[in-house]
Amino acid sequence: MTVAGYIVLGFYALYTILTIVVQRAGRAKDRIKKLDILNLIPNYKFFCPKPVRYDYHLYYRLVDKETVSRWQKIRIGRKKTHISFLWNPTKKEKKVFNRMVQMIKDNYKGKQRTRFGHMYLTLLDVVRTEIPQRGGKDVQFRITYNQALRDKPVEKIYYTSIVHKAQSPHTA
Amino acid sequence: MNPGDTLRLILSILSLSLIISSAESFTGIKIYKTAGWLSWDRLKYDRPMFRHRMVAPLLNWLFPHPKILILITSRLICSVWLLVAVLVNWNYTALIISLTIINILFSLRNAFSNNGADQLTNVILIAAVVASISAGNEAIVVYSLFFIALQTSIAYFTSGINKVNRNWLNGVYLKDVLSTAMFGNPMVLRKFRKMRHAFWSCSLLMILGELLLAFCMFFPSTMSVYILAGGFFFHLTVAYIMGFNTFLFTFLSTYPAIYFVSAHGIRF
């Protein structure tokens with residue numbers, strides 16, 4: 001075997017060991033993930049051990065001193081079609097929203113927070129952008145969940161945000 | 001099939017996945033805009049690396065909308081070019097290196113929305129780069145094929161073994177997943193509900209199938225063909241029901257490597 005062969009084998013062996021270590025939660029995984037700045041060590045836990053079991057929905061309402069509007073739904077992505085097995089362009093936004101829901105569960109649900117992380121602010125930006133005419137009103141958003149294909153799906157409240165100021169740095 | 005042809009087959013299927021995914025990024029470009037779901041204005045705070053003085057100028061130039069279109073366009077062009085190159089047997093070494101760099105950058109940009117298929121794509125591309133730059137050294141191409149097969153086996157094994165818990169085995173999780181509009185399909189759900197043991201038997205079949213696919217490369221090639229055919233059917237079903245289109249092509253692209261290892265083993 002050539003020197004190049006040994007180098008390549010060593011590289012693949014190391015890559016494989018790191019991949020195997022990363023599949024198990026723990027300190028070793030955290031350390032590797034910290035060093036893996038290019039995101040090259042894959043995590044293959046598809047739907048494991050707990051899959052996403054709910055559809056999450058995003059609502060907003062406008063608030064001012066005297067009135068509070070009704071909750072309005074923000075549509076995220078499109079429904080799957082018969083060609084989704086080939087073409088499914090909106091899966092990314094659904095995936096990001098689902099990750100945001102998880103982030104909210106970990107950081108904000110049931111907690112009083114006055115400072116918000118960048119992902120929370122992204123969600124807030126999306127909500128603000130989706131509202132056609134705010135008229136200077138403040139905004140509040142809500143996340144609900146259900147299993148939409150059940151016979152009588154009932155939406156339950158997952159998280160209700162505090163009332164945020166109308167102004168967004170992007171739309172100011 | 002020789003190692004070079006196997007690698008070309010892998011890349012031709014993978015390029016289909018990359019073409020579809022790049023074209024999807026074009027149509028869903030609004031998520032990259034300021035105040036979009038993947039706005040760089042916010043995402044740049046996701047990791048300290050994004051703000052490192054060595055890379056921040058490049059990322060802050062390339063990653064916001066509309067300049068992200070440069071990355072998406074290059075990815076699409078390189079993927080189409082790769083497909084043509086492997087089909088007509090052109091030298092694609094420079095092309096595969098460019099595509100790999102572009103894809104890693106794109107994965108970095110989408111760090112918050114990447115899925116298993118995106119990660120496996122990077123792994124395959126890295127192995128293809130190693131194989132391509134060592135043109136003429138057939139042993140290295142064989143190692144690369146073995147590596148791709150091994151990574152796919154780890155993927156299937158991780159996914160299968162982590163499903164060995166009560167709620168997956170009794171079908172509760174499968175029923176829950178199929179009851180969501182995001183991952184389910186009303187017609188399939190209706191049919192499953194009519195059958196008494198559909199959820200747990202399908203769940204069990206899926207787990208066994210994933211574990212079987214994990215060890216497929218160790219079976220004789222006459223058997224591995226049938227296991228891989230089952231894997232193709234599994235991914236096609238998942239893609240149809242759940243809409244995981246890129247998983248279909250990305251995982252399918254690794255099957256020639258699995259078959260190659262199964263047929264030849266690894267020769268030092």
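Which residues does H164(A) touch, not counting residues up to four places away in sequence? In this predicted model, the contacts of H164(A) comprise F116(A), Y120(A), L124(A), R128(A), D138(A), V139(A) and F141(A). H164(A) itself belongs to the segment that follows β4 (156–160) of chain A. With a relative accessible area of 7%, H164(A) falls under the 20% limit and is therefore buried.

Chain A is divided into domain 1, spanning 1–49, and domain 2, spanning 54–171. The centres of domain 1 and domain 2 of chain A, taken over C-alpha atoms, are separated by 35 Å. F47(A), a residue other than glycine, has a positive phi, near 60°. The peptide bond from C48(A) to P49(A) is cis, and its omega is near -15°.

Backbone features of these kinds also occur in chain B. The peptide bond leading from H65(B) to P66(B) is cis, with omega near 5°, and P66(B) is located in the loop between α3 (56–62) and α4 (68–88) of chain B. N89(B), although not a glycine, has a positive phi of about 65°; its place is the loop between α4 and α5 (93–109) of chain B.

The interface between the two chains was then examined. The size of an interface is often given as the accessible area lost when the parts come together. Chain A and chain B bury about 6700 Å² between them, and 65% of this area is on carbon and sulfur atoms. On the side of chain A, Y12(A), Y44(A) and L149(A) lose the most area to chain B, together accounting for 11% of what that side buries. The contact draws 68 residues from chain A and 79 residues from chain B.

Between chain A and chain B, 29 residue pairs are in polar contact, with both residues at pLDDT 80 or more. In chain A, α1 (3–22), β1 (55–63), α3 (91–107) and α4 (118–130) each supply at least two residues of the side that touches chain B. The residues of that side of chain A divide into 37 nonpolar, 16 polar and 15 charged.

Side chains of opposite charge can pair when their charged atoms come close. The count of salt bridges over all chains is nine, and the count between chain A and chain B is five. One salt bridge is formed by the side chains of E24(B) and K91(A), at 2.7 Å from N to O. E24(B) lies in helix α1 (residues 3–27) of chain B and K91(A) in helix α3 of chain A, so this pair joins two chains. Both E24(B) and K91(A) are buried.

Within chain B, the side chains of D5(B) and R8(B) meet in a salt bridge at 2.5 Å, N to O. These residues both lie in helix α1 of chain B, three residues apart, which is about one turn of the helix. D5(B) is partly exposed, at 29% relative accessibility, whereas R8(B) is buried, at 19%. A further salt bridge links the side chains of K163(B) and E210(B), at 3.1 Å from N to O. K163(B) occupies the loop between α7 (138–161) and α8 (166–169) of chain B and E210(B) helix α11 (residues 198–214) of chain B, so the pair ties together parts that are 47 residues apart in sequence. K163(B) is buried, with a relative accessible area of 3%, and E210(B) is buried with 4%.

Methods: Residues numbered from 1 in each chain as written. Chains lettered and ligands numbered in written order. Predicted model: local features only at pLDDT ≥ 70, side-chain atom pairs only at ≥ 80, totals over all residues. Heavy atoms only, no water. Contact = heavy atoms within 4.5 Å. Buried area = accessible area lost by both parts, 1.4 Å probe. Salt bridge = Lys/Arg side-chain N within 4 Å of Asp/Glu carboxyl O. Polar contact = N/O pair within 3.5 Å; in protein donor to acceptor, adjacent residues only side chain to side chain. Helix = DSSP H or I, 4+ residues; strand = E, 2+ residues; numbered from the N terminus. Nonpolar A, V, L, I, M, F, W, Y, C, P; charged D, E, K, R; others polar. Buried < 20%, exposed > 50% of the residue type's maximum accessible area, 1.4 Å probe, protein only. Domains from an automatic or database assignment.
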